[in-house]
Amino acid sequence: MKLKIVSPMGQFFEGEVEGFVIDTKDGQQTVLEEHIDCLSFFDYSEIIILDKVASEPIFVALGYLHLVQNEANIMAQFASADAEQAERIFERLNKRKHTESRRTNDK
């Protein structure tokens, strides 16, 4: 299956994979070939790519997974191979999201 991970900084990953594991708001999903089409959202996740070669995990924050006909597109506000950096960015983005939400509710 084809996997593409994109953030505002550009394309982070694109390639053929046997599958991957991602944490979504509905729980952990293992996505393999011929998976049913779906749309799932996530706050923060470590993506584990399933293939014959041990790949480094990819960390994503605030986004969604769109899976259609064996093509998985992950759109995230941030993507990195560095877990600590991804966690810091997630915390910052999450704070900004809550601050903007409060401002909207105050109006």
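Buried means under 20% relative accessible area, exposed over 50%, and partly exposed in between, with a 1.4 Å probe and protein chains only. Helices (H or I, at least four residues) and strands (E, at least two) are DSSP runs, numbered from the N terminus.

This is a predicted model: local features need pLDDT of at least 70, side-chain atom pairs count only at pLDDT 80 or more, and totals for chains, interfaces and linings use all residues. Residues are numbered from 1 along each chain as its sequence is written, and side-chain values use heavy atoms, with hydrogens and water left out.

**Overall fold**

The chain holds one helix and seven strands. Their order along the sequence is β-β-β-β-β-β-β-α. The radius of gyration is 15 Å, close to the 13 Å that the globule rule gives for 107 residues, so the chain is as compact as a globular protein of that length. That radius is taken over C-alpha atoms, and the globule rule is 2.2 Å times the number of residues to the power 0.38. The C-alpha trace spans about 50 × 30 × 25 Å along its principal axes.

Of the 107 residues, 36% count as buried. The accessible surface comes to about 6,800 Å², and 49% of it belongs to carbon and sulfur atoms. Accessible areas come from the Shrake-Rupley method with a 1.4 Å probe; for residues, only the protein chains shown count as cover. Contact means heavy atoms within 4.5 Å. Among contacts with a separation of 6 or more, residues 24 or more positions apart account for 48%.

β1 has two faces. L3, I5 and S7 make up the covered one, while K2, K4 and V6 make up the uncovered one. In a regular strand the side chains alternate between the two faces of the sheet.

Two strands pair if DSSP finds at least two bridges between them. β1 and β2 run antiparallel and are joined by six bridges. A hairpin of two residues connects them. β1 also pairs with strand β7 (residues 71–80), in the parallel sense, over five bridges. I5 has a bridge partner in each: F13 in β2 and I74 in β7.

**Two buried strand residues**

S45 sits in strand β5 (residues 38–50). Its relative accessibility is 1%, so S45 counts as buried. The S45 side chain reaches the backbone nitrogen of D23 at 2.8 Å. That is a polar contact: a pair of N or O atoms within 3.5 Å, where within protein one must be able to donate a hydrogen and the other to accept it, and residues adjacent in sequence count only if both atoms are side-chain atoms. Beyond its neighbours within four places in sequence, S45 is in contact with I22, D23, I58, F59 and V60.

A61 belongs to strand β6 (residues 58–68). A61 counts as buried because its relative accessibility is 0%. Its contacts, leaving aside neighbours within four places in sequence, are F42, D43, Y44, A76, Q77, F78 and F90. A61 and F90 are 29 residues apart along the chain, yet their C-alpha atoms are separated by 5.6 Å.

**Salt bridges**

A salt bridge is a side-chain nitrogen of Lys or Arg within 4 Å of a carboxyl oxygen of Asp or Glu. The count by this rule is two.

| Pair | N to O distance |
|---|---|
| E14 and K2 | 3.1 Å |
| D43 and K25 | 3.6 Å |

The D43 pair links distant parts of the chain, 18 residues apart: D43 is in strand β5, and K25 is in the loop between β3 (19–24) and β4 (27–32). D43 is partly exposed at 30% relative accessibility. K25 is exposed, with a relative accessible area of 54%.

**Positive phi angles**

Most residues other than glycine have a negative phi, and most peptide bonds are trans. Which residues have a positive phi without being glycine? L62 does, at about 50°. N70 does too, with phi near 65°. L62 is placed in strand β6, and at 13% relative accessibility L62 counts as buried. N70 is placed in the loop between β6 and β7. N70 also counts as buried, at 17% relative accessibility.
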